Amino acid sequence: MSRSEPSRRARVTQHGVIAGDLESLAAGGWQFRYLEAYDGEPVSLTLPVRSESYVFPSFPAVFEGLLPEGPQLEALLRLHKIDRHDSFRLLLTVGRDVVGSLTVEEAT
């Protein structure tokens, strides 16, 4: 991502309650931060609720794991004309229908 490209941000909800934001970093990598007032279940056992951001050098595995694989992935890539390596766009495309209690939507 170039420095002039705006950050990419998604809103993550847990059981219908806004939990936090996933955002790309200008220097590269990603961060997930819980909202200050959030006191619900963590979005993953590997991301306990805390006030500090979680920082990842590449797209976080916890969110990568929500993406389809195999024939479903291939169909999604063709249908929506998404780059195979754009995990963020893939997540936004399926974010309202991922397995479990999470939903992921583009933040405005």
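In which sense do β1 and β2 pair, and over how many bridges? Select both strands: they are antiparallel, and six bridges join them. Strands here are DSSP runs of E with at least two residues, helices are runs of H or I with at least four, and both are numbered from the N terminus; two strands count as paired if DSSP finds at least two bridges between them.

The model is predicted, so local features need pLDDT of at least 70 and side-chain atom pairs count only at pLDDT 80 or more, while totals for chains, interfaces and linings use all residues. Residues are numbered from 1 along each chain as its sequence is written, and side-chain values use heavy atoms, with hydrogens and water left out.

**Around β1**

Select R11, which stands opposite D21 in β2. Turn next to β5, where E105 is the bridge partner of R11. β1 and β5 also run antiparallel, joined by five bridges. Then move to the hairpin of β1 and β2, which has two residues between the strands; there H15 has a positive phi near 55 degrees.

**The nonpolar core**

Select L22, F32 and F63, which touch the most other members of the largest nonpolar core, a set of 28 residues. Such a core consists of buried Ala, Val, Leu, Ile, Met, Phe, Trp, Tyr and Cys residues joined through side-chain atoms within 4.5 Å. Buried means under 20% relative accessible area, exposed over 50%, and partly exposed in between (1.4 Å probe, protein chains only). Among the elements that each supply at least two residues of this core are β3 (30–34), α2 (70–80) and α3 (87–94). The most come from α3, which gives five residues.

Stay on L22 and display its contacts (heavy atoms within 4.5 Å). Leaving aside residues up to four places away in sequence, L22 touches partners including V12, W30, F59, P60, F63 and L91.

**Helix α2**

Select L73, L76 and L77, which are buried in α2. These residues lie on the same side of α2 because they cover an arc of only 100 degrees around the axis, taken from the directions from the helix axis to the C-beta atoms. The buried residues of α2 pack against α3. On the face turned away from the buried side, select the exposed residues P71, Q72, R78 and L79. Just after α2, K81 has a positive phi of about 50 degrees.

**The loop between β3 and β4**

Finish at R50, found in this loop. R50 is partly exposed, with a relative accessible area of 35%. The side chain of R50 reaches the backbone oxygen of E52 at 3.2 Å.

Conventions:
A polar contact is a pair of N or O atoms within 3.5 Å; within protein, one must be able to donate a hydrogen and the other to accept it, and residues adjacent in sequence count only if both atoms are side-chain atoms.
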